[in-house]
Amino acid sequence: LISERNTTDHKWPWGSIVPECNAVPYDLPNLSKVSVIITFHDSEILSNIMETIHSILQRTPPSLLQEIILISDHVKKEDLTVVLEQYIEGLSTGLIRILRSDDQLGLIKARLVGIRVAKGPVVICMDSHMEVQKGWVEPLLHEIQKNRKTLAAPYLDWMEFDDNAKIWKITHGASSWKTYFDWNFVFGFQEISAKDRIEQAS
């Protein structure tokens, strides 16, 4: 795994924040603090969770980070129970806590558990295999500051494997995929059509 060949505090060569976001003079003292909710289950990799946590701690202004809440969704693997708890205790930040469920909740119910106990006025739900870059949270909180009813969502840098070049490629900004549910309520991704591309560009 790529994540296991890197230290937890490495920096991927992600694209820079878009100029429109960098140009905004953010009023940090008046932006709301955020609670970050991260759910995980037995199929997750410990190094992925560690890198997610470290990227948040290192690239979020301390004045804006209320807490990180990890929701363990019926996890039994030793490295995601004992080892992860020891690792978090060693960080000694006081910002991270783990809530464990003995029942299999699923993604949405697990996130709702975290949302109900969150202390921050703003809640951000993340997957357990993501990394944030410097300046990730300020634009989101800025939009919420303008209208408390705003549901702010970021663009994601994403990776895909190039079968021809046999390498992983990093793309900055919106992907060319869209998500869907089929008639059996199975979630998936598919490439957007040429028509969709034209509509997005306009």
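Is R97 buried, exposed or partly exposed? I looked up its accessibility in this predicted model. R97 comes out as partly exposed, with a relative accessible area of 27%.

**Entry 1: R97 and its partner**

I next looked for a charged partner of R97. The R97 side chain forms a salt bridge with that of E67, at 3.0 Å from N to O. R97 sits in strand β3 (residues 96–101) and E67 in strand β2 (residues 65–73), so this pair ties together parts that are 30 residues apart in sequence. I then checked E67 for burial. E67 counts as buried, at 4% relative accessibility.

**Entry 2: the whole structure**

How many salt bridges does a search of the whole structure find? I ran the search and noted 5. I followed up two more of them below.

**Entry 3: R59 and E131**

I found a salt bridge between R59 and E131, with the closest N and O atoms 3.7 Å apart. The cut-off is 4 Å, so the pair qualifies. R59 belongs to helix α2 (residues 46–59), while E131 is in the loop between β4 (122–126) and α5 (138–146). The pair therefore ties together parts that are 72 residues apart in sequence. I looked up burial for both. R59 is buried, and E131 is buried too.

**Entry 4: E143 and K146**

I turned to helix α5. The side chains of E143 and K146 meet there in a salt bridge, 3.2 Å from N to O. Why are the two about one helical turn apart? They are separated that way because they are 3 residues apart in helix α5. I compared their accessibility. E143 is partly exposed, with a relative accessible area of 33%. K146 is exposed, and its relative accessible area is 56%.

**Entry 5: D73**

D73 lies in strand β2. D73 is buried, yet it has no salt bridge. Side chains of opposite charge can pair when their charged atoms come close. Which side chain of opposite charge is nearest to D73? I noted R111, at 9.8 Å. The salt-bridge cut-off is 4 Å, so R111 does not qualify as a partner.

I then asked what polar atom the D73 side chain does meet. A polar atom of the D73 side chain lies 2.7 Å from the backbone nitrogen of L105. I also listed the contacts of D73, leaving aside neighbours within four places in sequence. They are F40, H41, S101, D103, Q104, L105, G106 and A110.

Methods:
Residues are numbered from 1 along each chain as its sequence is written. This is a predicted model: local features need pLDDT of at least 70, side-chain atom pairs count only at pLDDT 80 or more; totals for chains, interfaces and linings use all residues. Side-chain values use heavy atoms; hydrogens and water are left out. Helices (H or I, at least four residues) and strands (E, at least two) are DSSP runs, numbered from the N terminus. Buried means under 20% relative accessible area, exposed over 50%, partly exposed in between (1.4 Å probe, protein chains only). Lys and Arg count as positive and Asp and Glu as negative; His and the chain ends are not counted. A polar contact is a pair of N or O atoms within 3.5 Å; within protein, one must be able to donate a hydrogen and the other to accept it, and residues adjacent in sequence count only if both atoms are side-chain atoms. Contact means heavy atoms within 4.5 Å.
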